[in-house]
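Subject: Structure for you to look at

Hello,

Here is the structure I promised to hand over. Please open it first, then read my notes below with the view beside you.

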Amino acid sequence: MLVVKNVSKIYTNNKKAVDNLDLEIQKGEIIGFIGPNGAGKTTTIRMITGMIAPTEGTIEINGKDIARESVEAKKNFTFVPDHPTIFDAIKGIDYLNFIADMYEVDLKQRKEQIEKYTRAFHIYDALGQTINSYSHGMKQKLLISGALLPNPNLFILDEPMVGLDPHSAKILKDIMREHCERGGTVFFSSHVLEVVENLCHRVVIIHRGRPIACDTLENIKKSSSATLEEIFLEMTKDE
Amino acid sequence: MNKFISLTKIQVLDFFSKYTQKLNVKNKYLGILVMFVPVLLVLPAAQLVLELYHTFLMVGFPELTITYMYIANTILIVFSSIPLIISIFFYAKDLRLIATLPIREDTIVFSKLASIYIYLLVISCFFLGNSIVLYGTIGGLKVVSLLVGILALLISPLVPMIIATIVLLPFMSVIGSGKRRNLMVVVGNLILIGAIIFIQMISSNIQMRPEELNNLLLQQDGLLMVIGRRFPPSIWLTKMIEGSMLHGLLFIAFNFVLLWILRGLAKTLYNRALMKFNQEGAPAVRGKLYYKSKSKGFQMVRRHINIILGNPIFFLNTVLTIFVPILMFVIVLFTGEVGMDISKSEALASYRLFIYTAVITTPAILGSLSATVITREGKAFWETKVLPVSAKDNIRYRIYSTLVIKLMGSLILGILVLFVIPMDLTSILIAMAFCIAATLFFSSIDMIINIERPFLNWTNPTAAVKNNLNILLSLLIRAIVGFLGYGLVKLLGGWQVSSIILILCGLLFVFYIITRYVIYEMYVEKFIDIAP
């Protein structure tokens with residue numbers, strides 16, 4: 001579903017944010033993407049979603065190159081950023097209709113999906129209000145609902161649990177599992193290691209722009225009885 | 001460091017860092033040079049002032065250039081300061097932090113005004129600055145006049161800025177307390193601007209009795225009194241530059257009194273206007289749920305127009321730059337300043353098509369909307385980048401949104417002007433063709449400016465649409481094109497007006513085709529590279 005080949009990103013100040021990253025994610029997987037602050041998680045996600053171009057390497061989503069066939073590649077995924085900064089002078093329902101039109105979701109599916117997810121996140125009654133009257137958490141839930149609305153093949157989230165109350169976080173985790181059971185794929189970054197530990201089929205650990213682990217949790221923990229947190233801290237410890 | 005200086009320094013640094021940010025110029029000296037691009041914009045203003053100077057010199061009163069320019073400058077600054085004050089006081093993101101700091105209310109008010117003052121001083125340099133330099137240098141260097149003039153220039157933004165602040169802050173707290181406060185802010189301020197234009201026109205139209213006018217003109221400063229009666233400080237300023245100590249003291253004292261009044265009112269304005277406005281929650285406008293399908297293009301264009309409509313500062317700025325000509329036109333019609341007789345004037349007969357074409361093209365010339373179409377999105381720019389819309393279409397829909405707004409402004413103006421200057425169908429079509437070509441060209445070339453300098457991280461909305469280099473570059477292009485057009489008109493002096501306009505229209509269209517090619521062939525990659 002997602003193939004990242006030899007991807008590097010060097011910013012104009014010559015800072016190498018991502019260094020030769022390789023990654024392959026299969027259909028139906030939930031992948032957790034973890035790393036310390038400044039490790040290159042957000043840069044990687046921005047390259048995968050087409051927000052910025054890699055300096056080297058290629059990224060394919062469902063066989064479509066994000067650089068060369070960007071529109072076709074983008075039809076395969078939706079994205080939820082770490083901060084719910086969206087154009088907020090419109091109503092919640094305007095935003096969801098906008099997203100549905102962009103992904104060409106028909107009216108029947110649009111109505112069903114909007115009602116399903118916004119009711120699950122308890123924001124259905126607020127859809128008629130302008131987004132700038134929403135709380136941080138409500139905006140996050142609206143973004144997640146919008147991203148789930150087209151039923152994407154690949155669901156990408158950057159720090160999705162930030163701003164969510166425990167009840168909503170639980171709903172999101174259930175939705176991610178359900179999405180995978182239906183054949184969808186989930187790729188998300190997080191600092192909450194318990195979530196990654198409980199939810200993911202595989203974990204990618206990135207440090208100083210380089211992947212230092214990419215395996216199932218069982219394989220990563222094979223040689224020790226430590227928790228993911230202890231392994232993460234050991235692996236990303238600065239010499 | 002003194003709290004006021006420290007706070008002012010932060011505000012001013014923020015202002016300048018936004019101005020120079022992302023110049024895309026690696027060479028330090030070239031970077032500094034680019035900062036002086038606005039200086040080039042002074043040239044057309046200097047030409048205007050020079051012509052005015054020669055006119056007043058012919059009647060023997062060159063100093064009236066300063067009187068006239070000071071009045072024009074004051075009006076211009078009042079208009080410019082309205083969206084700036086609203087943006088920096090009411091919609092800036094820093095107030096949440098500043099309000100928690102142990103700083104006196106008047107310090108906050110004055111430090112915020114300091115960054116506004118710098119911007120307004122730059123505006124003053126264009127017309128008043130030019131008139132002072134010309135008066136002080138033409139026909140021999142007048143050192144005292146020049147030095148006093150520079151002092152007057154430095155003080156000149158204070159009066160209109162303080163008056164605008166004292167009027168606006170309570171005004172905003174009144175209109176901003178309702179449910180639809182963003183709409184109220186825009187409508188309320190438009191009414192305020194309309195009222196200012198109206199009062200200004202009424203005051204300049206007050207008929208003097210003939211004998212009173214004759215008596216005034218017979219006096220040594222008669223003409224100065226006639227022009228300056230609209231705003232007496234302009235008389236004091238002119239006499240101050242001519243060397244009158246008494247008038248100089250009067251002019252400076254007037255500015256200090258206003259500053260003192262503002263200082264006295266600062267605490268009340270801060271608590272009763274600024275804090276009250278900011279304590280009001282975001283508007284919770286309720287609407288019905290709907291499920292409707294629209295095309296991608298429609299949704300994208302609507303999104304860009306909504307970004308303008310949804311932010312009072314963007315909206316007000318657009319209205320001011322594009323629709324103020326309409327507002328002024330409606331007011332001059334109602335005040336009778338321009339009547340139907342303009343259409344009968346023989347002297348204007350050959351220029352009628354020029355005038356009509358120029359008026360309907362005003363929105364294309366004044367509105368640099370494409371130069372900030374990426375910037376206006378700010379941190380929400382990522383939204384359309386991850387959507388399944390090609391970069392080419394993403395750029396195209398941004399240009400379309402500008403075209404819709406500008407052409408709507410031109411259409412309204414075109415219909416209104418027809419009531420005063422009746423035109424035949426052929427002339428209307430020629431003017432429309434020119435207007436469309438100009439709108440297409442300027443909207444496209446502005447897009448290149450914004451792709452070169454996307455500037456997504458702004459702290460107050462005015463920084464996004466007004467005080468940044470994009471707008472100045474965009475105006476510079478207009479000045480260059482205008483200069484070329486003027487040269488061509490002079491060159492083709494004997495030709496029919498309609499033929500000249502059609503040639504200019506053809507040239508603009510060729511420019512548009514070239515610009516369009518450059519955008520879609522060379523700037524798509526750059527657009528993709530813009531990092532949110």
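Two strands count as paired if DSSP finds at least two bridges between them. With that in mind, Lys5(A) stands opposite Thr58(A), a residue of S4(A). Please note that this is a predicted model.

The sheet in chain A

Strand S1 (residues 2-10) and strand S4 (residues 56-61) of chain A pair in the antiparallel sense, over 5 bridges. They belong to an open sheet of 4 strands in chain A, with the order S2-S1-S4-S5 and antiparallel pairing. Strand S2 (16-25) and strand S5 (64-65) of chain A are at the edges, and each has a single partner strand, so one side of each is left without a neighbour in the sheet. Helix H1 (residues 41-48) of chain A packs on this sheet and touches S1, S2 and S4 of chain A. The direction of H1 makes about 120 degrees with that of S1(A).

Domains of chain A

The domain assignment divides chain A into domain 1 (1-76 + 152-239) and domain 2 (84-151). Their centres, taken over C-alpha atoms, are separated by 24 Å. In the contact between them, domain 1 of chain A takes part with 11 residues and domain 2 of chain A with 12 residues. On the domain 1 side, helix H6 (residues 166-181) of chain A gives the most, with 4 residues. By class, that side has 7 nonpolar, 2 polar and 2 charged residues.

Pro84(A)

Where is Pro84(A) placed in chain A? Pro84(A) is in the loop between strand S6 (77-80) and helix H3 (92-102). Is Pro84(A) buried or exposed? Pro84(A) counts as buried because it has 22 C-beta neighbours inside 10 Å, and the cut-off for buried is 20 or more. Neighbours within four places in sequence aside, Pro84(A) is in contact with His136(A), Lys139(A), Gln140(A) and Leu143(A).

Two residues with a positive phi

Most residues other than glycine have a negative phi. His122(A) is not a glycine, yet has a positive phi of about 60 degrees. His122(A) is in the loop between helix H4 (107-120) and helix H5 (136-148) of chain A. With 14 other C-beta atoms within 10 Å, His122(A) is partly exposed. Arg208(A), also not a glycine, has a positive phi of about 50 degrees. The loop that holds Arg208(A) runs between strand S9 (202-207) and strand S10 (210-216) of chain A. Arg208(A) counts as partly exposed, with 16 C-beta neighbours inside 10 Å.

Chain B has 22 helices and 0 strands. Of its 532 residues, 41% count as buried. Among contacts in chain B between residues at least 6 apart in sequence, 86% join residues at least 24 apart.

How many residues does the contact between the chains take from each? It takes 36 residues from chain B and 32 residues from chain A. On the chain B side, helix H14 (296-310), helix H17 (382-385) and helix H22 (497-529) each supply at least two residues. The largest share of that side, 6 residues, comes from H14(B). By class, the chain B side has 17 nonpolar, 8 polar and 11 charged residues.

Regards

Definitions and conventions:
Residues numbered from 1 in each chain as written. Chains lettered and ligands numbered in written order. Predicted model: local features only at pLDDT ≥ 70, side-chain atom pairs only at ≥ 80, totals over all residues. Contact = placed C-beta atoms within 7 Å. Nonpolar A, V, L, I, M, F, W, Y, C, P; charged D, E, K, R; others polar. Domains from an automatic or database assignment. Buried ≥ 20, exposed ≤ 12 C-beta atoms within 10 Å, placed from the backbone. Axes fitted to C-alpha atoms, helices over the stretch in contact; angles between N-to-C directions.
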